[in-house]
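The following exercises concern the packing of a protein chain. Please examine the sequence and the model before working through each solution.

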Amino acid sequence: MCCESKRRFLLLYATQKGQAKAIAEEIWQQAGAHGLEADMHCISEMDKYNLETEKDPVVIVISTTGTGDPPDTARKFVKKIQDKTLPPDHFAHLQYGLLGLGDSEYMFFCNGGRTVDRRLQELGAQHFYDTGLADDCVGLELVVDPWIDGLWLALKEALHLQKEKEGMNSAVDAVSSSLSPALHTVHELNLSSEIQNLKLEDGGARGSDVLSQKLDDINLVAPARDTEPSLVHSVPPVSQSALNIPALPPEYIEVQFQDAQDEVSHNSCPLLVSHIATAAMGTFCQAQLKLVCFEVHQVEVWISPNRDSLPFKEGLNPHLPSLISEGTTFEVPVTKAVQLTREDAIKTALLLELDIADTAFEYQPGDAFCVICPNNGSEVEELLHILGLSEKGDNLVCVKVKQGTKKKGASRPQHIPERSTLKFILNWCLEIRAIPKKAFLRALVECTSDASEKRRLQELCSRQGASDYTRFIRDSNVCLLDLLHAFPSCKPSLSLLIEHLPKLQARSYSVSSSNLYQPGRLCFVFNVVEFPASPSRPVSRKGVCTGWLAELVAPLLHPSKSTLDTKGESSSTEKITIFPRPNNAFRLPADPSVPFIMVGPGTGISPFIGFLQHRQKLREQHPDWKFGETWLFFGCRHQDRDYLFKDELRCFLENGTLTYLKVCFSRDSSTAEVAPPKYVQDVLRLCAKEVARVLLKDRGYFYVCGDKKHMADDVSDAVVDILSMEMEADKLEAMKILAMLREAKRYLQDVWS
């Protein structure tokens with residue numbers, strides 16, 4: 001352990017996308033101002049801490065991913081503590097506080113944190129501070145900030161009690177009376193008006209930070225006639241308030257530019273070879289790059305036939321440590337692209353087929369996989385222009401920790417290569433579309449020269465401006481580019497972007513095929529996401545990955561003469577990099593005789609096409625097997641515009657693979673005396689007796705896939721109503737039955753928000 005002081009506590013984080021780590025780092029940073037020392041580790045680094053012998057208080061920050069799973073970094077830890085042979089007093093010596101992160105849009109809110117919390121309790125561990133559950137749906141900071149506020153006194157009390165146990169009563173008697181009342185002052189935190197009024201006492205600010213800025217210190221941002229607030233304009237009381245703003249995060253990254261033609265010398269930054277060579281070599285070989293690694297002046301260098309093959313190329317096949325870190329990745333060709341919707345449909349749905357025949361990629365129907373994608377090239381160019389770096393896009397950038405930084409344990413972010421081109425960093429490494437966190441806004445204040453713009457950014461990151469932050473940044477999906485347009489005097493450095501922008505995440509998609517039905521092929525379906533222009537975002541945008549994929553496969557969708565071979569088929573072969581993300585819960589019943597119901601409007605039908613393909617092949621291979629009935633409830637806006645897989649579904653019906661198909665069209669007009677149902681939940685209610693029979697009598701499965709906010713919750717409510725009506729029970733009893741079905745993994749969801 002790195003911290004020997006009795007004021008030490010162990011700080012563990014488990015993160016999927018970086019938020020839990022960022023919060024842990026904030027706790028780490030504030031600890032010193034409270035006379036404490038945080039020994040911080042990722043929960044996966046089990047060789048660097050030992051809960052079995054830990055004597056000091058433990059603070060855990062943990063997120064939730066997938067359908068209520070702990071993040072990938074916590075999988076080994078969770079598996080270890082879930083060992084059923086552990087005695088109930090295994091952690092009786094342990095005292096801890098846990099902060100869970102989640103999103104109430106999803107069914108198993110904060111389940112990653114709840115799982116760890118519950119298991120630690122079962123093994124005898126004790127809370128020194130009550131659990132906080134932060135909701136990303138409404139803003140993590142509404143719970144995170146006050147939870148951290150109350151943490152310090154609780155930690156000091158826990159450490160005080162620890163010293164008493166060690167026979168050190170006399171040293172702490174003088175302070176015990178003042179600390180005791182603070183114990184457990186923050187209970188499991190939920191949103192309330194009290195949380196809104198809590199003040200952040202920031203002891204970690206630099207001496208130059210202005211934590212309380214009065215109105216007369218600045219010039220207001222807009223004329224008096226503007227009575228409505230906006231991204232760039234505030235109104236009373238915010239505009240007239242003294243502000244409580246966060247501490248200025250310490251700078252810790254330094255970048256050095258080199259000309260693109262500069263030769264590598266023993267004084268320059270080493271290329272990222274030694275620690276990616278092993279993991280990346282398979283992918284390099286797939287790309288058929290003849291690379292040779294040798295050592296000169298203790299610097300490892302890749303020699304390749306041409307510069308475009310270097311690992312830092314801004315091309316389709318990036319070979320970054322961050323992209324390899326997910327595990328085994330596969331670069332596969334796109335063999336087919338089909339537009340499933342008509343041109344006049346509200347949304348454009350595409351089906352892509354990938355060739356995985358020559359890879360070790362494996363999947364089951366119901367699984368998901370991830371696509372590694374770049375940022376939008378035009379947005380990267382625009383960002384370079386605003387930052388005044390257009391001429392340096394192809395220059396090599398050396399990234400290292402700033403000497404003398406005040407950030408504890410500072411290190412270069414793992415998703416940023418030590419040496420690459422500037423365009424590569426912005427294209428493949430940083431999530432430039434990320435919604436800026438308040439700490440980022442606080443840092444941007446220092447890069448802004450206009451006084452009124454500076455004041456507005458301070459308001460947006462302050463406690464007093466919390467509602468404005470939610471309304472104009474969070475809910476409006478504002479990104480860095482939007483801020484730089486709105487606040488033109490803000491000129492952040494590249495190092496600041498590297499410090500505050502998160503890793504560009506791979507995007508997850510449901511598999512829409514069966515390897516049994518289509519060996520060597522993997523299909524998936526997606527809508528090309530559209531973000532319309534808004535007052536906070538002056539231009540419309542497409543989704544980062546869906547927009548990129550749509551542009552990538554355009555030659556397959558609309559082949560020109562130049563892309564057709566002699567047979568009239570498209571000769572364009574684009575490749576994408578993917579890696580598996582198995583969904584072990586969302587699978588077909590192990591017993592083929594068990595009936596199941598599928599509910600998948602829109603692109604939510606995607607995994608069920610794989611289910612039905614798999615079932616059809618099993619029926620062909622095993623004609624003597626007994627197969628249960630299958631139901632599909634599908635809905636879309638217009639029957640003639642966006643009825644996905646219409647012909648395939650008819651074939652499944654005709655050959656008996658699909659027993660019942662129920663469809664609805666929400667935007668089609670009808671002349672019938674009784675209006676047809678518009679939504680899948682309405683059709684479910686019309687089939688109430690059959691649905692109840694499948695779930696209760698036949699012990700069948702129920703699958704839901706699609707939009708969480710506008711569909712999955714309504715389907716859940718419909719099932720509760722059906723169970724209540726058919727069982728002649730009250731709604732509470734029906735909700736208990738549904739909960740039991742979820743627990744038994746017979747009511748399964750694959751949803752997104």
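A nonpolar core is a set of buried Ala, Val, Leu, Ile, Met, Phe, Trp, Tyr and Cys residues joined through side-chain atoms within 4.5 Å. Buried means under 20% relative accessible area, exposed over 50% and partly exposed in between, with a 1.4 Å probe and protein chains only. The model is predicted: local features need pLDDT of at least 70, side-chain atom pairs count only at pLDDT 80 or more, and totals for chains, interfaces and linings use all residues. Residues are numbered from 1 along each chain as its sequence is written, and side-chain values use heavy atoms, with hydrogens and water left out.

**Exercise 1. Identify the residues that touch the most other members of the largest nonpolar core, and the elements that supply this core.**

Step 1. The largest core has 44 residues, and those touching the most other members are L383, L430, L441, L444, I473, L483 and L497.

Step 2. Helices (H or I, at least four residues) and strands (E, at least two) are DSSP runs, numbered from the N terminus. The elements that each supply at least two residues of this core include helix 9 (377–386), strand 13 (396–401) and helix 11 (438–445). Helix 11 provides the largest share, five residues.

Step 3. Contact means heavy atoms within 4.5 Å. Leaving aside neighbours within four places in sequence, the contacts of L430 include H415, I425, L497 and L504.

Step 4. A second, separate core of 31 residues includes Y13, M40, W147 and A154.

**Exercise 2. Determine why helix 12 is described as largely enclosed, and which helices it packs against.**

Step 1. Helix 12 is largely enclosed by the rest of the structure because nine of its eleven residues are buried.

Step 2. Among these buried residues are E453, R455, R456, L457 and C461.

Step 3. The buried residues of helix 12 pack against helix 11 and helix 13.

**Exercise 3. Describe the pairing of strand 3 with strand 1 and strand 4.**

Step 1. Strand 3 (residues 58–62) is largely enclosed, because five of its five residues are buried. V58, I60 and I62 point one way from strand 3, while V59 and V61 point the other way.

Step 2. Two strands pair if DSSP finds at least two bridges between them. Strand 1 and strand 3 run parallel and are joined by five bridges, with Y13 opposite V61.

Step 3. Strand 3 also pairs in the parallel sense with strand 4 (residues 95–102), over five bridges; here V59 stands opposite G97.

Step 4. On its own account, strand 1 (residues 8–14) pairs in the parallel sense with strand 2 over six bridges, and F9 stands opposite A38. Five of the six residues of strand 2 (residues 37–42) are buried.

**Exercise 4. Characterise the aromatic pair formed by F608 and F611.**

Step 1. Rings of Phe, Tyr and Trp (its six-membered ring) pair if their centres lie within 6.5 Å; planes under 30 degrees apart count as stacked, over 60 as edge-to-face and the rest as tilted. The structure holds 23 aromatic pairs. F608 and F611 form an edge-to-face pair, at 5.7 Å centre to centre with 65° between the planes.

Step 2. Both residues lie in helix 18 (residues 606–621), three residues apart, about one turn of the helix.

Step 3. F608 counts as buried because its relative accessibility is 0%, and F611 is likewise buried, with a relative accessible area of 0%.

Step 4. F608 and F611 belong to one aromatic cluster that also includes F586, F596, Y701 and Y703.
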